[in-house]
Amino acid sequence: MIQEWRLDDGQQTLVLAARRGRLPECVYWGAALPAREDLGTLLAAHGIDVTGGMLDENPDLSLCPEAVRSFPGQPGLILRDTDSTPLLPKFCFAEAREEDHALYLTYRDDDARLGLTFGFVADPETHVITCDTTLTADRPVHLHWLAAPVLPAPQLSDEMIDVSGRWCGEFQLARTPWSAGMRYRENRTGRTGHEHFPGLIIPTRGTTNCSGEAYAFHYGWSGGHRMLAEELPDGRRQVQFGHAARMETAPGTEFRTAPLYITYSNAGLNGCAVAFQRHTRDRIVQMPRPDRPRPVHYNCWEAVYFDHKLPVLQDIATRAAALGAERFVLDDGWFGTRDDDTRSLSDWTVDPRKYPDGLTPLIDHVHSLGMSFGLWFEPEMINPDSDIHRAHPDWALGSEDQTLGRQQKALNMALPEVRDFLYDRMSAILSAHAIDYIKWDHNRVLPMPDAAQTRGSYALIDRLRADFPLVEIESCASGGGRIDLGILRRTHRVWLSDSNDALERLRIQHDAALFLPASVTGSHVGPRHCHTSGRVIDISMRAWVAAQRHMGFEMDPRELTDHEAAVLTEVTGWWKANRGWMMRADILRLDSADPAVIAEQQLARDGSRFVTFAGKAATSAQIAPRPLRLTGLDPAATYRVDLINRATAPNLSRGKPALKQGPLVLSGAYLMGHGVTLPWHFPETMWVLEGTRL
Ligand code: GLA
């Protein structure tokens with residue numbers, strides 16, 4: 001018996017096939033195949049030869065490689081029976097259900113009394129395929145490892161790109177050459193983490209941002225993932241994603257992986273980036289008021305830290321509004337007796353010493369300026385020095401003698417009484433005030449990985465979202481420590497990094513754009529002297545870097561000179577005038593000929609306009625700027641391109657490059673094939689080039 005199924009989304013085709021009722025293999029994943037392709041022949045053509053030293057038949061690289069079938073690599077499933085005996089199932093076909101762009105395949109092992117279901121949903125608009133695996137058992141079993149559908153990786157690929165990072169240095173791309181054996185990433189911190197963004201990109205040989213093929217994966221789960229990319233002795237390659245191993249602490253009768261999001265591109269890394277950006281924005285994030293423009297934020301953290309004084313905050317709010325802010329976010333320090341980070345987490349009542357009349361006078365003032373009001377919480381956390389910890393020490397997760405993180409423990413979110421308590425405290429604050437935004441923080445790792453903790457967090461957010469549907473939530477975890485599509489299904493913005501250093505931010509947001517759209521990526525103008533790097537960066541660079549994403553301010557506006565305030569007001573005005581299309585645009589990373597220049601192009605969905613940001617992150621090796629090739633344009637169309645901040649060219653730019661004089665009209669073919677020649681500029685500056693299709 002041969003079985004075969006195909007999924008198409010207009011850009012990619014995925015073919016699954018199986019013999020003798022066994023688990024299916026992905027026998028093709030790549031550029032769209034013709035409709036007439038014979039899938040039976042494709043299955044036969046896919047088989048590899050056998051020679052000395054090999055088994056007589058090559059074990060299938062199935063959607064869940066089974067250890068018991070002599071599979072030479074890592075299995076897709078590891079589990080034990082109730083009495084701890086290892087289970088080595090062999091699954092047989094039970095049922096297939098095909099729907100429009102969706103496929104569900106169920107298999108059973110009647111001896112082991114287990115079931116396995118694979119789900120695949122294609123999206124012809126975003127070109128992201130969402131898949132998952134569900135294991136069922138007729139009695140509770142212990143799960144060690146369950147992979148989402150296991151997929152083959154291309155063999156015309158020399159390296160893979162996955163993502164690491166650190167506090168103030170998120171989204172660092174790590175390139176690892178393929179070799180025999182495996183690349184294994186496992187995040188055992190219990191949160192997505194700065195260190196382990198759950199993404200993988202596999203470019204084929206020669207792929208750049210703008211051209212070539214690439215395959216990309218993202219595991220949508222906030223509790224820590226495991227990824228392995230393995231080359232088998234016969235040359236085949238497999239990719240597995242799932243929850244971190246052994247994070248299901250209790251036996252169960254059903255386990256389901258988080259969704260694995262995959263996409264194939266023949267338009268370079270940008271093809272994958274655009275698919276993920278669109279899918280995140282249009283399918284995952286559910287904006288309470290999608291038609292409302294993204295408001296310019298002001299966040300007071302770096303201005304006042306824990307030192308909250310009503311008149312000062314009112315003054316800051318007035319100044320922020322004058323600069324163009326539309327939402328004021330009151331950060332950490334408003335509750336309990338929170339004068340520093342050693343105390344009060346979980347005591348979610350307004351501090352009467354700092355706010356004798358409650359938050360209302362500040363909120364009223366913010367509203368009178370035409371801004372909306374947001375508030376910081378860190379719900380999953382508790383300080384030992386808090387009233388709640390004194391009353392309920394057993395609510396904390398982990399042992400009594402655990403090492404604290406930022407002087408705090410995590411609450412055990414699997415306990416319904418903990419979730420009820422948090423719901424009551426948070427809903428009391430939300431009900432009593434006109435608050436339309438929560439900055440939801442998570443500033444430490446867990447004492448041990450625990451899937452029930454993540455499910456508990458999700459349940460609390462879901463309950464609050466259901467009862468306060470107009471409240472937006474920002475996911476923060478010491479900056480970008482909880483960014484993934486599991487949390488973004490429930491939230492609306494991410495605090496990408498605690499680094500407001502524009503130079504660092506330029507790089508972080510450029511690399512994050514492989515997965516994240518501008519509309520969810522918070523980016524703030526920080527203080528003149530950056531608090532986390534010590535650098536001093538000019539206001540123009542700070543403002544333009546923030547204007548590349550969802551813009552906001554985080555400096556104390558009282559520090560601004562008249563010049564700085566004028567530049568910031570102007571760039572904010574530009575951002576507001578353009579956010580309507582920019583927050584829906586595709587971010588295309590440009591292949592910069594100069595490694596000192598980090599450049600991107602935000603292209604409107606209808607191709608009618610774009611803006612190119614060319615950030616000079618370092619001193620160039622060569623003396624004159626190299627042409628910067630644009631991308632994604634119609635070669636036959638003509639475009640008017642204009643350097644909108646040419647006035648910032650320094651005196652040392654002595655020549656007369658055409659873009660310094662005025663706008664140019666050029667073909668898409670020229671702009672992409674030769675590129676724009678920008679004027680000379682200092683390091684730590686940004687050129688901003690607008691383009692309009694004529
Ligand atoms: C974390 C966040 C910051 C700020 C502080 C408050 O570090 O990333 O933006 O909210 O907590 O304590």
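Which helix gives the most to the lining of the second largest pocket? Hold that thought while I set the ground rules.

This is a predicted model, where local features need pLDDT of at least 70, side-chain atom pairs count only at pLDDT 80 or more, and totals for chains, interfaces and linings use all residues. Residues are numbered from 1 along each chain as its sequence is written, and side-chain values use heavy atoms, with hydrogens and water left out.

Now the answer. Helix 12 gives the most to that lining, with 6 residues. Helices here are DSSP runs of H or I, at least four residues, and strands are runs of E, at least two, numbered from the N terminus. Helix 12 spans 562-582, and helix 11 and strand 35 also supply at least two residues each. The second largest pocket holds about 380 Å³ of space. It is lined by 17 residues, and the closest to its centre are Ser 540, Trp 544, Val 567, Asn 645 and Thr 648. By class, the lining divides into 8 nonpolar, 6 polar and 3 charged residues. For those classes, Ala, Val, Leu, Ile, Met, Phe, Trp, Tyr, Cys and Pro are nonpolar, Asp, Glu, Lys and Arg are charged, and the others, Gly among them, are polar.

A word on how pockets are found. On a 1 Å grid over the protein atoms alone, a pocket is an open set of points with protein on both sides within 12 Å along at least five of seven lines. A cavity is a set of points where a 1.4 Å probe fits but cannot get out, and lining residues have an atom within 4 Å of a point. Grid points are joined across faces, edges and corners, and a volume is the space filled by probe spheres set on the points.

Next, the largest pocket. Its volume is about 650 Å³. Of its 29 lining residues, Cys 26, Val 27, His 46, Pro 152 and Gln 155 are the closest to the centre. Strand 3 (25-31) and helix 1 (39-46) each supply at least two lining residues. Strand 3 gives the most, with 7 residues.

On to the cavities. The structure holds 7 of 30 Å³ or more. The largest share, 4 residues, comes from strand 9. Count by class and you get 8 nonpolar, 3 polar and 3 charged.

Six strands form an open sheet in the order 30-31-32-35-33-34, with antiparallel pairing. Two strands pair if DSSP finds at least two bridges between them.

Four bridges join it to strand 31 (residues 597-603), and the two run antiparallel. The bridge partner of Ile 587 in strand 31 is Gln 602.

Last, side chains on strand 30. Asp 586 and Leu 588 point one way, Ile 587 and Arg 589 the other, and all are buried. Buried means under 20% relative accessible area, exposed over 50%, and partly exposed in between, using a 1.4 Å probe and protein chains only. By contrast, Asp 606 counts as exposed, at 58% relative accessibility. Asp 606 sits in the loop between strand 31 and strand 32.
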